[in-house]
Amino acid sequence: MTETTEHTRRDEAIALKVTDLKKHYADADTNVFDGISFEVPKGKVLVIVGPSGSGKSTLLRTIAGLEPIQGGTIALDGRVIETGRPGNEKSGRVKRSEELRTKFGMVFQSYDLFPNKDVLGNITMAPLLVQKRKKDEVEREALELLERVHLADRAHAKPHELSGGQRQRVAICRALILHPEILLLDEITAALDPEMVHEVLEVVVELADAGQTMLIVTHEMSFARAIADRVILLADGRIEERSSDAEEFFTHPKTERAREFLHSFDFVRHRSQQAEQDLEAFDAS
Amino acid sequence: MTETTEHTRRDEAIALKVTDLKKHYADADTNVFDGISFEVPKGKVLVIVGPSGSGKSTLLRTIAGLEPIQGGTIALDGRVIETGRPGNEKSGRVKRSEELRTKFGMVFQSYDLFPNKDVLGNITMAPLLVQKRKKDEVEREALELLERVHLADRAHAKPHELSGGQRQRVAICRALILHPEILLLDEITAALDPEMVHEVLEVVVELADAGQTMLIVTHEMSFARAIADRVILLADGRIEERSSDAEEFFTHPKTERAREFLHSFDFVRHRSQQAEQDLEAFDAS
Amino acid sequence: ACGPSASTPSEAGSSDTSNTTTAKARTLDEIKKSGELRIAVFSDKAPFGYVDQDGKYAGYDIEFAEALAKGLGVKPAYTSVDPAARVDVLASNKVDVTLANFTETPERAEKVDFSKPYMKVSLGIVSPESNEITDVSQLKGKTLIVAKGTTAETYFEKNHPEIKLQKYDQYADAYNALLDGRGDAMSTDNTEVLAWAKANKGFKVGVTDIGDVDVIAAAVQKGNTQLLDYINDEIVKLGKENFFHKDFEKTLKPVYGDEVNPDDIVVESGELDK
Amino acid sequence: MLDWSFIERYAPFFVNGAWMTLFISVFGIALAIITGGICAAIQTARIPVLRQIVAVYIEISRNTPLLVQLYFLYFGLPKLGFVWSAEMCAIIGLGFLGGSYMAESMRAGLQAVPQIQRENAYMLGFSRMQTLVHVVIPQAISVSTPGFVANVIFLIKESSVVSAIALADVMYMAKDLMGITYNTYESLFMLIVTYLIILLPISILGTWLERRFDYARR
Amino acid sequence: MQGANILLEPGVFPRLLQGLWVTIWIAAVSVAMSVPVGLVCGWLMTLRNPVIRFIMRVYLDFIRIMPQLALLFIAYYGIARAWNWNLDATGACVLVFVLWGGAELGDLTRGALQSIPEVQHETAYMLGLSNWQAFIHVILPQAVRRLLPGSVNLATRIVKTTSLAVLLGVVEVIKVGQQIIDANRFQYPTGTLWVYGVIFLMYFIVCWPLSLVAHALEKRWANDRND
Ligand SMILES: Nc1ncnc2c1ncn2[C@@H]1O[C@H](COP(=O)(O)OP(=O)(O)OP(=O)(O)O)[C@@H](O)[C@H]1O
Ligand SMILES: Nc1ncnc2c1ncn2[C@@H]1O[C@H](COP(=O)(O)OP(=O)(O)OP(=O)(O)O)[C@@H](O)[C@H]1O
Ligand SMILES: [Mg+2]
Ligand SMILES: [Mg+2]
């Protein structure tokens, strides 16, 4: 395990800093991770990639407060908001103030809009109930956000009337209206039909361009490559490679593990090259 | 619409020939396709790509006999096996002899093994029931096939104990044991977790190398590129571009439609290029 | 039918155990205060206790019930009971008095307290004219219809196990079963079958008096002497004005006509040999 | 406390009652399964006129109480000249009531078999009969079993109503004893115990069947 | 067929309707009281506490395995006396139907609450909603939708089961019918057929709309979900 240290430039403010994070599920044998550290500078995009089961979702969930941590600290804007304690595996979602919770915006893989509210209702619910903002002001902002994700005309549609791609864009608006410090996106296109993937990722790219701090888990390598400022490769609960130059990571990975991982996404192997030995193996049977 | 004629070499035997195929769903306004023609030479792989709803699945289903056709002909090994008749939209699956049906092998997107049988049972059911072959001979062949897809040790597992990728490989064996003339694969990796995609596609590549005639629908462009002998781009029920040189199609598509389509799979757009105008648009709001 | 043959409990004789706990009965004062005397009556046993065309309770028992309530200065509140429920409604204090053609038997006397009698009966058997039963012995191996919890049921269970009984919860059901030919005959109090056969063409009472002559009385919860004493006094008092004969004239005569001598049925002042 | 000598003496009657309950239930449920199967087949195959008839039957059967159905059969129909025995009425009543419930669970099972399974069978060359026997029914059973077991228990419970038409089932025995001996608690106790003895094993068997036919797909 | 004239006798129909009213009253009161009982039971069933869980399990299983008629007898003749309650037959019916309806509705409620995906709770948390707000604005509206069709079906079953009240001697529609049959036996020998026929229809007329409502709710809300 090679934990290369990160060099953050002096002038970069750090939005999120995770130090020596330990996570253990109640009835699991081993820790999901046993000391993970990284940071996300303000306005930057950190992409986490890695094979299934490596703990990417768990990482996002612990940061969001959905899972208690058993060691290490999580700091937001330089302030430590959570410190791990061993033995709290079963304590459920972390007790955080409502204000603190809204500093993290999260979008999940599944279409998790509230089915009993229309699009506008979904977006305006939290600002109205939690932040007690004025209704017309909130609705105006919601409509602006919908405009940005090209859904202004669907403001009064019910979630089940929307396509998967549309739902995920609404879910993004629902998170954005609370002006989160950092947006956590967990494979938000994994459940989508291929041609909807693009419409959602495009919105995310636009957000990145506008300077939204984000922590993204994705399996779409070309998207990751296009959007990442920094990349982390998570495998077996360890950071196997980290890079503050995304382009470098995707083209010239340093570790064998990363090469292997990236290779599994490419199918540019030509039949002619392999044909002979395959033919033998096959026809013999 | 440019229907370029295909030139098949003299010495290539034609496994499947579809001529002027017309398909109309019972309560739909328009035809899914209104005259489609193509052929698949023996031992070759034809890949069909195209946006969602363009009729790819429908095409495979009509060839397989799961949907009646309203015009044109389907010929297998030079023998016309089906001729379209208008007005038979509601007649359900086509009446074909059991022997003829088994000449087509099909694998669908969903994991559709018979849940009440184990792996071996799934594979041996048709040869035993339909072809009345001897049990031990069939089981021997099934085990050989399982070997080829690296699942020999799971012969007695129940489908629900398998991962999606394993199930799809079993489904392929289930089709192969009947020695189909042509294998029809409809997005067989679309429902799989990313790291399982590879293990399935590798099996398909090996099959192609062993000379299995195949008609493949896929959204995995790098796979399509690696495996295709010929490519068809289907859009709005028309063949928008066809090419007997797959490499050429993926690198230098001739039509605007194909360029557009292929582009949507690539996310190698750099933020820096677009950042400026996006920033403006976003920050204004 | 080929179903399992149903031997019924009472073939083994009835039990004499009595350890049922009871819900405490109301005192006279409580009854007066509530303004209601709760009385269990039949609602489908014309002419003794039934609901008339206007939906009001009527019949021989009801007349007595009215008198009892009036004597206390309260209103009667009727509860319709099935024959089998007559003991339990008292034990569980759901009513204060049962006035539902309740024949006094030793078994029942262990569970409830009976007042002085106001009627006397023995059992009768009614059967279709075409196949009239004139003697109990003819019933051997045949099906006799009874209502559950009646003296007829107990009598035949105990004394004639060779007769197959078909039991219904309610009189109405039992009569209907006889009409539809589901049994060969039906047995209940002779007063009752006489009245019924008179009204139903094609049926005849072939046997008018089997079993002992029993008396019919009001019943209260075991140990409720206060109310029992009141009822006994009232029966004596009413006897002085020949109340039950008047009752007979009003409710039973229209059904029985002149064929029945009121003195064969009616008991005044609780004195049997009058 | 309960009087055990009483319970000992009358236990055999509850055994008899249990046999009657089972007798009525077995035939009633068998009739319900046949009726339900036919209805489910008609609904799944969408046979035109019969389908509407089945729909009407199901609504009537589901929206009227068994007791009223029995009274109608037992006391009402004789006035039209149909005098059926109590056993007959009970079995027909139970079958009439249960048919709609069974149809519902069987139909759910048949409809839950994905179209793609039939398509696979077609592609593998199965005949219609082979498809039905080897593919459709085994999978339909998996979905139908929980509802089916619930219906069986439901129908055995409903059969307690047949005491109203003079059938000597468990309920009848309890009522009878209460009416004759007034040993209410002992009678109720035996009533509970008898039903538990009948229904608990069926409920456990049902759970086992559910597991047996749950191929835990996906 | 002139037996049908029994229905035209003065007083017959109004009395049957009165009887039906008793039936509906018992059912309505039972259903109304089942709702709070069921909601509380449902909530208790979702708790992790093993003791509560076990008690609720036994309660639900016992109620489910006993025939309703047996429960009615237990309540009317057994419990009322053992606990010294002055419970009339109607009261016993309501008691049993509430205990039964409460258990069944509780199970429905539990199912509905547990069927709401965890991610809905998590989303509410991330949006800063308090537990109470999440329950009122997110969980409950969804649970009710999943709950309602089943509850309406349960109501239909309770209405049907009120027919058993007659066997405890409650004067409801069937008993009234029997009284009418009895009182008119001489004029209308075939009255049984017609009176029971009408009662049959009356139950159908009461229950059928409920079934239709349940169907409609199921259809209406089937696709109103996220999945
Ligand atoms: N609630 C839980 N209880 C116990 N173990 C869990 C739980 N959730 C996840 N795990 C385990 O923790 C590990 C990490 O899971 P996680 O979902 O974070 O992986 P991931 O990287 O997000 O995978 P994927 O790419 O499939 O989403 C896995 O081994 C998983 O089985
Ligand atoms: N059973 C049907 N009845 C009516 N229309 C249908 C039916 N099945 C498909 N269609 C329509 O036919 C068209 C072609 O559908 P098809 O499933 O073949 O597309 P596809 O190219 O396979 O899409 P995808 O990539 O999403 O699988 C679509 O417009 C679809 O809505
Ligand atoms: Mg994950
Ligand atoms: Mg498709």
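Predicted model: local features only at pLDDT ≥ 70, side-chain atom pairs only at ≥ 80, totals over all residues.
A residue counts as buried when its relative accessible area is under 20%, as exposed when that value is over 50%, and as partly exposed in between, using a 1.4 Å probe and protein chains only. Residues are numbered from 1 along each chain as its sequence is written, chains are lettered from A and ligands numbered from 1 in the order in which they are written, and side-chain values use heavy atoms, with hydrogens and water left out.

So much for the ground rules; back to E:Leu16. It sits in helix H1 (residues 12-46) of chain E; helices here are DSSP runs of H or I with at least four residues, strands are runs of E with at least two, and both are numbered from the N terminus. Leaving aside residues up to four places away in sequence, E:Leu16 touches E:Val173, E:Val176, E:Gly177, E:Ile180, E:Val198, E:Ile199 and E:Met202, where contact means heavy atoms within 4.5 Å. The C-alpha atoms of E:Leu16 and E:Val195 are 9.0 Å apart, although 179 residues separate the two along the chain.

An unreviewed UniProt entry annotates residues 20-46, 58-79 and 193-217 of chain E as "transmembrane region"; such positions are given in the numbering used here, feature names are shortened, and annotations may be inferred rather than shown by experiment. In the model, residues 20-46 of chain E are 100% helix and 0% strand, with end C-alpha atoms 38 Å apart. Residues 58-79 of chain E come out at 91% helix and 0% strand, and their end C-alpha atoms lie 18 Å apart.

Chain E also meets chain D, with 38 residues of chain E in contact with 38 of chain D. The size of an interface is often given as the accessible area lost when the parts come together. For chains E and D the buried area (accessible area lost by two parts on being put together, 1.4 Å probe, summed over both) is about 3,300 Å², and carbon and sulfur atoms give 76% of it. Helices H2 (50-65), H3 (68-82), H6 (131-161), H7 (173-183) and H8 (191-222) of chain E each give two or more residues to the side that touches chain D. The largest share, twelve residues, comes from H8(E).

Chains A and D do not touch, and their nearest C-alpha atoms are 16 Å apart. Chains B and E do not touch either, with nearest C-alpha atoms 16 Å apart.

Over in chain A, there are ten helices and ten strands, and buried residues make up 56% of its 285 residues. The unreviewed UniProt entry places "domain: ABC transporter" at residues 16-261 of chain A, a stretch that is 35% helix and 24% strand. Helix H1 (residues 56-64) of chain A is largely enclosed by the rest of the structure, because eight of its nine residues are buried. After H1(A) comes A:Gly65, whose phi is positive, near 95°.

Finally, the cysteines: the structure holds zero disulfides over all chains, a disulfide being a pair of cysteine sulfur atoms within 2.5 Å. The sulfur of D:Cys39 is too far away for a bond, because the closest cysteine sulfur, in E:Cys207, is 19 Å from it.
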